[in-house]
Amino acid sequence: MEFYDVIIAGAGPSGSTCAGLCSKSGLKTLLVDRDVFPRIKPCGGALSEFALQGLDFELPTDLIERECFGARVHYGDIVSNITENHRIAAFVSRERFDSFLLEKAKESGSDILLGKQVSEIKINRDFATVKAGDQFFKSLMVVGADGVNSTVSRYVRKPYGKEELLFTLYERLYESKRGIEEKQGKIMDLFFGRIKFGYGWVFPHDEYYSLGIGGLYSSFKNPKTIYENFARSAGFSPRNIKGYFLPLGGVKRPLAGERIILAGDAAGFVDPLTGEGIAYAIHSGRTVSGIIQEAIKKNNYSKDYLFSSYLKRFKIRKNIESSLRLARIIHSYPDIFLKQMISDGKALKKYFEIPRGNLTYGKYTTWLAGRLPMYFFKSLCQK
């Protein structure tokens, strides 16, 4: 039975990032995924600058299908236009992007095992026994980076409840580069007020649009009808709709067990306001790598030590919690907050500093509080 320092379940952005950094530090690392890459990954494919800041290498330009320098933000009949002289987002195909990260982990020295799912973990005094497919391995540490339906997480916490899930319907609609350039250019569309705790989007890629709408799962009644109505209102004809779940970020949950630690969607690290998960996956993968290296040096694999290390190191967690508080407020009173915020070009422009990594949700909320009297007054005048 082969022995590893760390076994990572899930080769998405969090798992591959963690594996690459563990290997670079000299740890014997095994990265396992149930899928064979490249694999289809339902996702809008928008990479924020904050996400790219978490990588310790440059993203090849050929992976970026289109750069975004502006947004049209909709709420009912209100449309606000934001244009920047810097990039707001880079649109990628998750198939190619995830495969690239996996290859970088391999180049760093990680062993890769694809087409096998981590299905069982047994914690012993000096190591963990991990079953992946029909194979068994020993490891000092196990990382659960295996997504919203994580099998590793069941050794740490209860499964996500219905109120802890976001649900998204999305599809790719193909069109020529010229057609996309003429219709959309380097601008994305965001549609609020269509679904509680969520929004719809149109992201222009190279030769297709990523079109989707997502929100709180418990409030997503008749999802197909909601999606079809949204798609047609945005000027598209639905064709091949796919659905997927995301965890609601910002909820306080266990993040570690004895010799086990979670990252990415498995840990619940998704922005509850935007649904962005890639950035937090990459940054949590980095954090977990550091925790593992320290745990091995100190020979301390206890649940309390791993959890306290997480809280100490992963400061971004507070940003996700602040996003949840803001999301609850603005979606509870959309005509006061969403309507006025979207009408307020200054508030929108400042918000886009968050995905750039230049502003936290906490500081944004404090700044926004100073504008509330104006929002309340405008809301009363518009009735």
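Okay, let's start at Asp126, which is partly exposed because its relative accessible area is 44%. Arg125, with a relative accessible area of 75%, is exposed. The side chains of Asp126 and Arg125 meet in a salt bridge, at 3.5 Å from N to O. By salt bridge I mean a side-chain nitrogen of Lys or Arg within 4 Å of a carboxyl oxygen of Asp or Glu.

Quick word on what you're looking at: this is a predicted model, where local features need pLDDT of at least 70, side-chain atom pairs count only at pLDDT 80 or more, and totals for chains, interfaces and linings use all residues. Residues are numbered from 1 along each chain as its sequence is written, and side-chain values use heavy atoms, with hydrogens and water left out.

So, how many salt bridges does the structure hold? There are 22. One of them joins the side chains of Lys28 and Glu2, at 3.1 Å from N to O. That pair links distant parts of the chain, 26 residues apart, with Glu2 in the segment before β1. Lys28 is partly exposed at 36% relative accessible area, and Glu2 is partly exposed too, at 37%.

Another bridge brings Glu95 and Arg172 together, at 2.7 Å from N to O. Glu95 lies in helix α3 (residues 94–107) and Arg172 in strand β12, so this pair ties together parts that are 77 residues apart in sequence. Helices here are DSSP runs of H or I with at least four residues, strands are runs of E with at least two, and both are numbered from the N terminus. Glu95 counts as buried, at 15% relative accessibility. There's also a network of salt bridges linking Asp35, Arg39, Arg94 and Asp98.

Now the rings. A pair of aromatic rings is described by the distance of the centres and the angle of the planes. Rings of Phe, Tyr and Trp (its six-membered ring) pair if their centres lie within 6.5 Å; planes under 30 degrees apart count as stacked, over 60 as edge-to-face, and the rest as tilted. The structure holds 25 aromatic pairs. Among them are Tyr4 and Phe137, edge-to-face, with 6.1 Å centre to centre and 65° between the planes. Tyr4 is in strand β1 (residues 3–9) and Phe137 in strand β11 (residues 135–144), 133 residues apart. Buried or exposed, what is Tyr4? Tyr4 is buried, at 3%, and Phe137 is buried as well, at 7%.

Next, Phe167 and Phe245 have their ring centres 5.0 Å apart and their planes at 50°, so that pair is tilted. Phe167 is buried at 13%, whereas Phe245 is partly exposed at 30%. And one aromatic cluster is formed by Phe91, Phe192, Tyr199, Trp201 and Phe203.

A charge sits over a ring if NZ of Lys or CZ of Arg is within 6 Å of the ring centre and within 35 degrees of the ring normal. Arg157 does this with Tyr160, at 3.9 Å from the ring centre.

Last stop: Thr17, in helix α1 (residues 13–24). Thr17 counts as buried, at 10% relative accessibility. Leaving aside neighbours within four places in sequence, Thr17 is in contact (heavy atoms within 4.5 Å) with Ile282, Gly285 and Arg286.

Notes:
Buried means under 20% relative accessible area, exposed over 50%, partly exposed in between (1.4 Å probe, protein chains only).
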